[in-house]
Amino acid sequence: MSEKESKEAVVGLYPQLFSALLVRIGCSVGLQLPKDFTSSQKDRKTSIHGRSAKTFDVCSCAVDALQTMLRRGGSKEVVKAVEAEGGWEMMKVPEKHHDGVSLLARAMTKFAGPRIPGIVETLNPLLSSIYENQRITVIAFFAELLSNHVVSELMLLDVVLHSIMGKLVDSSCTVRMLAIRGLGNIAIGSPEKVKKYSTKLLAAMTSGMDEKEDPNDLITLEAMSGLSKILLKVEERDIRDILIHISLRIRPFFENEKERIRTSAFTLFGNLSRFGHGESKEIFQDQIHNAMISLLLHLNDPNADVIKACKFALRMNAPVLGSELVTEMFQRHLHEDKGLHYGEFMNDLSKHLIKDFLDKLNCYIVTTLSFFKSSWAEIRGNAAMFAGFIIANLPEENSSCVDLERLCISLAVLLKDPVPFVRMKAAEALGYFYRF
C-alpha cells in the first residue's frame with residue numbers, strides 16, 4: 001500500500017482493508033515476539049521493515065499499516081485527527097486501546113462518513129469472535145459511532161443498536177461496559193430516536209447498575225452516565241413504572257468509597273427531578289425526603305466533585321418538595337462554583353425543615369443516626385452537627401416529634417470517637433439538650 005499504484009486497489013477494498021487492519025491492531029495490543037525469535041536475531045544485522053528484531057513492535061506495525069491504508073485511500077484527515085488527540089498511541093496500550101479506537105471512529109464519522117456502511121457490515125460478524133480483544137475493538141468502534149448522527153443518516157442505527165444490545169451479556173467486563181456506553185451515546189447522536197427505544201435503553205441502564213461482576217465499577221459508572229443522558233430525552237410516562245426502582249438503586253452509591261461513583265450517583269439523582277411531576281410527583285417526593293440527609297451531609301464531602309454534584313441534586317430537586325423557603329435557600333446558596341458556609345447553612349436550613357416538614361423530622365433524625373457510623377470522619381461530624389441544629393431549633397411543643405432519648409444516647413457514643421472534630425460536634429449537639 002505504500003506504492004502510489006496501489007491507490008485504486010485500496011479504494012476498492014477500503015472497508016475490508018480498514019476492518020482487517022483495525023482488528024489486527026486489537027489482536028496485537030501487548031503482543032511480543034517469541035523469545036527464541038528475538039534471540040536468533042542477536043547476531044544478525046538484518047532488520048524487519050526497518051526495525052531491529054529487538055525493537056520490533058507488532059502493534060506499532062499494525063497501526064502504521066492502517067495509517068498508510070487511510071492515506072492511500074484518501075482519508076488523510078482521519079489520520080491527522082486521530083494523531084492530534086493521541087489516539088494512535090492509545091491504541092497500542094491495553095488499558096487505553098478502546099479509547100484510541102473511539103477517537104478513530106469519531107474521526108471516521110467526520111471525515112469518511114460514506115465509508116462507514118461497508119465497514120459496519122465487515123466488522124459486525126467479528127462481535128461474535130472467540131477472541132476478547134477483537135470484540136473489544138469492534139464494540140469500541142460501534143459504541144462511538146452511536147454518538148454521531150451520521151449513523152441515523154446512513155440508516156445504520158437499527159443494525160448497530162441490535163449488535164450492541166447482544167453484547168450486554170458478553171463474558172468480557174470491558175465489552176459489556178462499552179456496550180452500555182454505546183447505548184447511552186444514542187441520546188447524543190440520535191436524540192430523536194431515544195423515545196422509540198426507551199424501554200430497551202432504560203432496561204439496559206438499570207441492569208448495568210445491578211451488575212455484580214464489575215470489580216472496578218466501570219459498568220456501573222457507564223450505566224449511571226448513560227442513564228443521565230437518556231433521562232434528558234424521555235418523558236415522565238416513559239419512566240413512571242421504574243422511577244422508584246431507579247431511585248432505590250442509586251441511593252447505596254451515595255456512600256460508595258469511590259468519589260467518581262458518588263459523584264455520578266448524586267448527579268443522576270438530580271437528573272431524576274424532571275419526573276417529579278404528574279402522577280409521579282408524590283412518589284418522587286418521598287424518594288427526595290429519603291435521600292435528603294445523605295445529600296445534605298455530603299455537601300461537606302471530602303471530595304470537591306461530590307460536593308458539586310450534591311449541590312446540583314439539591315437545587316434541581318428542591319422545587320419538587322413544595323417548600324418555597326427550602327427552594328429559595330437551595331437556589332441562592334448551592335451554586336457549584338461558589339463556596340458554602342456549611343455550619344451556618346445547615347443551621348438556617350434546619351429551621352425551614354422543622355417548619356415545613358415537621359412530619360418528616362423523625363425520619364430525618366433516624367437517617368442521621370445511621371451516619372454516626374460512617375467511615376468518613378467528616379460525615380460523622382456533619383451528622384452530629386445537623387442533629388444538634390435540629391435540637392437547637394425544635395420548638396418545645398414539637399419535641400415529641402423526635403426520639404430525644406435515642407438521639408442523646410447516640411450522640412454520647414460519638415464522644416468516644418477517635419477524631420477530635422467528631423467529638424467536638426457531638427459535644428456541641430449534646431449541649432442543646434438543656435432546652436428539654
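Which helices each supply at least two residues of the lining of the largest pocket?

1. They are α7 (97-111), α9 (132-145), α12 (173-189), α14 (218-231) and α17 (259-271). Helices here are DSSP runs of H or I with at least four residues, strands are runs of E with at least two, and both are numbered from the N terminus. Residues are numbered from 1 along each chain as its sequence is written, and side-chain values use heavy atoms, with hydrogens and water left out. This is a predicted model, in which local features need pLDDT of at least 70 and side-chain atom pairs count only at pLDDT 80 or more, while totals for chains, interfaces and linings use all residues.

2. The largest pocket has a volume of about 440 Å³ and a lining of 20 residues, with E95, H98, T174, M177 and L218 nearest its centre. A pocket is an open set of points on a 1 Å grid over the protein atoms alone, where a 1.4 Å probe fits, with protein on both sides within 12 Å along at least five of seven lines; lining residues have an atom within 4 Å of a point. The volume is the space filled by probe spheres set on the points, which are joined across faces, edges and corners.

3. By class, this lining of the largest pocket holds 7 nonpolar, 8 polar and 5 charged residues. Asp, Glu, Lys and Arg count as charged; Ala, Val, Leu, Ile, Met, Phe, Trp, Tyr, Cys and Pro as nonpolar; the others, including Gly, as polar.

4. The second largest pocket contains about 160 Å³ of space. Its lining includes R332, H333, D348 and H352. Two or more residues come from each of α20 (324-333) and α21 (342-356), and α20 gives the largest share, 5 residues. The classes divide into 4 nonpolar, 4 polar and 4 charged.

5. The protein has 25 helices and 0 strands. Its radius of gyration, taken over C-alpha atoms, is 28 Å, well over the 22 Å that the globule rule (2.2 Å times the number of residues to the power 0.38) gives for 436 residues, so the protein is more spread out than a compact globule. The C-alpha trace spans about 95 × 55 × 35 Å along its principal axes.

6. S228 lies in helix α14. S228 counts as buried because its relative accessibility is 11%, and buried means under 20% relative accessible area with a 1.4 Å probe and protein chains only. Leaving aside residues up to four places away in sequence, S228 touches L268 and N271; contact means heavy atoms within 4.5 Å.

Terms used. Buried means under 20% relative accessible area, exposed over 50%, partly exposed in between (1.4 Å probe, protein chains only).
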